[in-house]
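Hi everyone, thanks for making time for this one.

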Amino acid sequence: MSEIISTGLTSLLGIKTPLIVPPMAGVSGELILNSNFRMISTGYQPAEVLISELSLARSLLEIQSPTGKLPIGVGFLGWLLDKMPFDEAKSLLNAASSANVQALWFSFGSDLGKWVQYVREHFPTENSLIFVQVNSVEEAIHAVENLKADVVVAQGIESGGHGSGHAPPLSELLQGILAQSYNSSHQPVFLAAGGLANGADIASQLTLGAAGAVMGTRFLLTPESKYTDAQREALIVARSEDTVRTMAFDHARGTIDWPEGIDGRGLRNDTVLDFERGESINVIQSRFKEGTRTQDRKRFLVWAGTGVGSMNRVMPAKDVVKELHEECQQQLAVDSKKLDL
Ligand SMILES: Cc1cc2nc3c(=O)[nH]c(=O)nc-3n(C[C@H](O)[C@H](O)[C@H](O)COP(=O)(O)O)c2cc1C
């Protein structure tokens with residue numbers, strides 16, 4: 001892979017490609033390796049699982065010192081931290097912070113400041129970078145001015161997995177966020193997330209003023225992700241218009257406590273149709289359970305952003321990063337040539 005594509009993000013993290021693989025609950029697997037910069041998600045798991053994932057990460061990444069900086073991030077769902085007993089939430093934050101991870105990622109919570117303050121107060125020397133994912137300009141202002149986030153991730157409506165059903169399209173959201181003059185001496189970097197599929201997409205976000213891109217769905221199509229072959233096959237044949245924002249899958253699997261306005265984008269199938277036509281939850285759940293067991297595409301859950309229509313093969317994560325890097329460089333070169341003319 002050729003030279004660094006230098007941005008505020010690459011300097012902040014010491015990486016070559018302005019790309020982050022976000023926390024994806026239940027999908028982490030061996031994506032820790034070969035992903036440029038990767039977040040792992042605490043999802044619905046207890047601290048013990050996170051501790052063992054972090055120690056696995058330390059050994060996979062061959063970080064010899066047990067306290068040396070761990071060049072990955074850990075993602076927390078704000079609403080879930082709020083909901084669990086305070087001691088459990090603290091155990092999760094303590095596990096990540098004491099493992100000296102390079103970044104902590106917070107999303108989907110009405111009181112993220114409480115958790116950001118907790119880690120800053122209790123782990124001042126670890127100094128993990130704070131990423132905050134936002135869905136509106138107001139949330140971005142809060143992240144910059146009150147949370148003093150190091151990195152603000154603008155998540156557009158196109159995103160795969162959970163996000164706000166009220167978020168604007170990514171390009172509108174990002175430009176709205178970048179146009180603000182923030183009342184803060186603190187200068188974060190801004191990233192773009194949602195529906196991005198290839199290196200030209202990363203280049204276009206850089207051109208708009210982002211310091212990098214976040215790509216989730218693209219990394220589901222790697223052997224390292226925990227998605228099954230059937231889920232990956234469903235992604236390969238899917239078109240962008242096959243994705244839908246819905247609460248159907250959360251009802252089907254019994255995870256309906258998400259904050260108001262948050263739903264998930266996945267591939268439309270009969271689970272969604274049943275939900276939309278008012279089928280009873282018991283029936284939806286039992287069909288979903290059976291469909292997941294038999295890996296039936298008509299029933300199971302496949303999160304996917306709108307970029308899925310441009311994704312058509314499974315590749316090792318390392319090769320995905322290399323391809324994205326090269327495509328991004330080529331597009332930036334084309335853009336700068338056009339500007340010279
Ligand atoms: C399978 C999957 C799981 C996700 N889980 C989380 C999560 O646990 N926490 C979070 O903040 N975002 C989560 N997201 C959203 C990502 O942070 C990111 O915004 C999204 O993947 C970007 O859109 P894209 O998938 O179109 O690239 C998830 C996305 C996917 C596809």
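**Helices side by side**

Let's start with a pair of helices: α2 and α4 are roughly parallel to each other, because angles under 35 degrees count as roughly parallel, over 145 as roughly antiparallel, 65 to 115 as roughly perpendicular and the rest as oblique. Their axes come within 9 Å and cross at roughly 10 degrees. On the α2 side the contact is made by A47, L50, I51 and L54, and on the α4 side by S91, L92, A95 and A96; contact here means heavy atoms within 4.5 Å. Seven of those contact residues are nonpolar, one is polar and none is charged.

Some ground rules before I go on. This is a predicted model, where local features need pLDDT of at least 70, side-chain atom pairs count only at pLDDT 80 or more, and totals for chains, interfaces and linings use all residues. Residues are numbered from 1 along each chain as its sequence is written, and side-chain values use heavy atoms, with hydrogens and water left out.

Helices (H or I, at least four residues) and strands (E, at least two) are DSSP runs, numbered from the N terminus. Axes are lines fitted to C-alpha atoms, for helices over the stretch in contact, and angles run from 0 to 180 degrees between N-to-C directions.

Now, at what angle do α4 and α5 pack? Helix α4 (residues 86–98) and helix α5 (residues 112–122) meet at about 50 degrees, and their axes are 11 Å apart. That makes α4 oblique to α5. From α4 the contact takes F86, A89, K90, L93, N94 and S97, and from α5 it takes K114, W115, Y118 and V119. By class, these are six nonpolar, two polar and two charged residues.

On to the sheets. Eight strands make an open sheet in the order β1-β9-β8-β6-β5-β4-β3-β2, with parallel pairing; two strands pair if DSSP finds at least two bridges between them. At the edges are β1 (19–20) and β2 (39–41), each pairing on one side only. Two bridges join β1 to β9 (residues 212–214), and L19 stands opposite A213 in β9.

Helix α2 (residues 47–60) lies across β2, β3 (70–77) and β4 (101–107), at about 160 degrees to β3. Helix α6 (residues 137–145) lies across β5 (129–134), β6 (151–155) and β8 (189–193), at about 165 degrees to β5.

There is also an open sheet of three strands, ordered β7-β11-β10, with antiparallel pairing. Its edges are β7 (161–164) and β10 (243–246); each has a single partner strand, so one side of each is left without a neighbour in the sheet. Four bridges join β7 to β11 (residues 262–267), with S164 opposite I262 in β11.

Finally, the domains. The assignment, which comes from an automatic or database source, gives domain 1 (8–226 + 314–340) and domain 2 (229–306). Their centres, taken over C-alpha atoms, are separated by 25 Å. The contact takes 23 residues from domain 1 and 20 residues from domain 2.

Terms used. Ala, Val, Leu, Ile, Met, Phe, Trp, Tyr, Cys and Pro count as nonpolar, Asp, Glu, Lys and Arg as charged, and the others, Gly among them, as polar.
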